[in-house]
Amino acid sequence: MTMSLSRAAQRRLLLWALLLPMAVVNFVTFILPMLRLGMISFIEARPGGVLTDVFTFGNYIDFFRDPFSYKLIWNSLRMSLIVTLGTLVAAYPIALFLYRVNPVWRNILFVITISPLLVSAVVRTYGWMVLLGNKGLINGLLMSAGLIDGPIRLMNNELGVYIGLIEIMIPYMALALIAGFGRLDPVYEEAAAMLGANAFTRFYRIIVPLTMPGILLGCLLVFVLSVSSFITPKLLGGGRVFLLATEVYDQAIVRLEWTQAASTSVIVLLIFGLAMMLYTRIARRYE
Amino acid sequence: MIGKLTLRLKILVFFLYIFLLAPILVVLPLSFSNDTFMVFPPESWGVRWYVAMFEHEGLTRAFRLSLWLAAVVTVLSLLLGVPAAFAISRFQFRGRDLLLNTFTAPLLLPSIVLGLAILLVFVQARLLGSYSGLILAHLVVTTPYVIRIMVTAFGTMPPSVEEAATMLGASPFTVFRRITMPLMMPGLIASAALSFLMSFDEVIISLFVTGPQVRTLPVEIFDYVESRTDPMAAAISVALIVATLAIILILERTLGFSKAMGK
């Protein structure tokens, strides 16, 4: 009796062998944790953080009853929107420049534009602390130039977080914009110019609409990264900037309130979902 | 004038690049400060903080751990991700897209939420502050990139080349060694380099799963920067930037990194 497997069965076995290890790791480190996070957000904790198995909406009710929560949501949304717009304004000229410059410079500058991605966010944030601190480079320059008498406060407030985050997000935004610049053809601009459009009109009526898919993708990416950013607000905010992401960390690590941290995380995920939905609705119009 | 670079745009872009690179460049002069506190410009110069950095036991231990961790995570990411990517791009089966999306979904989630979720499972499984816990947590970050890159790599690799070799009498092993392997090499290098750098730099998820005895370098630096204001963090930053540059230069010289990144 021969026990050789059919070709189809062999293929099936090979497929399982290829996929199973990755599927197991994915389940243990991603699916299971996310399910547990959702579950724990509906569980009651005894004082001291010990988990019970009592089902409750209490964590969410507590969240929405606390006026501080609305401040956190408002702070996170406002900061993420300002950072997104600031990054767009800063990255757009870079992307336009890269698109128009000759190929040699384009390759060099492209590498320079994305190279900060390879430097840890902690290091880049520390660089901003050196620049913006009371005894930092900018205050030092301004004081030695006699423009100010004492140091002005550039960090440990929201301003510092904005500056640091916008700089950290520029490479992501630039990458998304460059990817969307493919549709931009100088022919359209020439046509518009011949029909009498000035530079300003050409920019707003030709260049911006044509590059809209890249703009939208970049904005989604930066918004989503800003909502969940934590290192930069923590270090440049100096404990004075309160956001959803910093609250999740404080609840989980500092105060060990895991059930509340879980429900705050679910709120963050909902904001994520809403941003994605808004993006797909707007992006559909520009397809 | 149409579609050309105006002087105004050039000047604007020049200042934007200064803004972009300033925080990376500014740590270099500060790292050679001999002052006790961070003052800019430094009042005295020297290599005091580089010496202090190498003598700081917590930092050197964290550095060794991070290096070891990144190497282990890179090897495991390839061992897990490459076969899965091969199956997804070369086999037809039900739920293929769903599986690809599940494998790459951690990429889209905020690290802070993912970190908390992993903490909640690891605390039960007693994996917090353990080496295996750290490795597993880092695999969540690195495997989505490996799978994305390798699915693209296998997708652009025409199966007809392999079929031709088989028809000409090459054994499956020879086909893999002589055809498949060289063709997927750029993707493998890109995956390995990205995994290594991602793991070495990972800080948010690590903050949730490290213990007092098992601390990675980025976590150690984060705590240091948060609590101290001496120029040693600048010395560490310069060392990290130089190390990253060295890795990229070595890869570029030996294997053609920019080609591997699909540029």
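Chain A of this predicted model has an average pLDDT of 88, and 98% of its residues score at least 70. Confidence within chain A is lowest in helix H8 (residues 186-194), where the mean is 78. It is highest in helix H3 (residues 67-100) of chain A, at 94. As a rule, where pLDDT is low, the predicted coordinates should not be read in detail.

Residues 203-231 of chain A are 86% helix and 0% strand, with end C-alpha atoms 36 Å apart. The unreviewed UniProt entry also gives the feature "domain: ABC transmembrane type-1" at residues 73-279 of chain A. In the model, that span of chain A is 77% helix and 0% strand, and its end C-alpha atoms are 19 Å apart.

Next comes a pair of helices in chain A. In general, two packed helices are described by the angle between their axes and the distance between the axes. Helix H1 (residues 7-40) of chain A packs against helix H13 (residues 258-285) of chain A at an angle of about 110 degrees, and the axes are 8 Å apart. Angles of 65 to 115 degrees count as roughly perpendicular, so H1(A) is roughly perpendicular to H13(A). On the H1(A) side, the contact is made by Leu37(A), Gly38(A) and Ile40(A). On the H13(A) side, Trp258(A), Thr259(A), Ala262(A), Ser265(A) and Val266(A) take part. Sorted by class, this contact of H1(A) with H13(A) has five nonpolar residues, three polar residues and no charged residues.

Now turn to chain B. Chain B has 13 helices and zero strands. Its C-alpha atoms fill a box of roughly 75 × 65 × 35 Å along the principal axes. Of the 263 residues in chain B, 41% are buried. Among contacts in chain B with a separation of 6 or more, 76% are between residues 24 or more positions apart. For chain B, UniProt lists "domain: ABC transmembrane type-1" at residues 63-251, again from an unreviewed entry. This span of chain B is 81% helix and 0% strand, and the C-alpha atoms at its ends are 21 Å apart.

One residue of chain B can be looked at by itself. Glu163(B) is found in helix H8 (residues 159-167) of chain B. Is Glu163(B) buried or exposed? Glu163(B) is exposed, because it has 12 other C-beta atoms within 10 Å, and a residue with 12 or fewer counts as exposed. Val175(B) is twelve residues away from Glu163(B) along the chain, and the C-alpha atoms of the two are separated by 8.7 Å.

Finally, the two chains meet. How many residues does the contact take from each chain? The contact takes 62 residues from chain A and 63 residues from chain B. On the side of chain B that touches chain A, the largest share is ten residues from helix H1 (residues 7-25) of chain B. By class, that side of chain B has 53 nonpolar, seven polar and three charged residues.

Conventions:
Residues numbered from 1 in each chain as written. Chains lettered and ligands numbered in written order. Predicted model: local features only at pLDDT ≥ 70, side-chain atom pairs only at ≥ 80, totals over all residues. Helix = DSSP H or I, 4+ residues; strand = E, 2+ residues; numbered from the N terminus. Contact = placed C-beta atoms within 7 Å. Nonpolar A, V, L, I, M, F, W, Y, C, P; charged D, E, K, R; others polar. Buried ≥ 20, exposed ≤ 12 C-beta atoms within 10 Å, placed from the backbone. Axes fitted to C-alpha atoms, helices over the stretch in contact; angles between N-to-C directions. Parallel < 35°, antiparallel > 145°, perpendicular 65-115°, else oblique. pLDDT = per-residue confidence, 0-100. UniProt positions renumbered as here; feature names shortened; annotations may be inferred.
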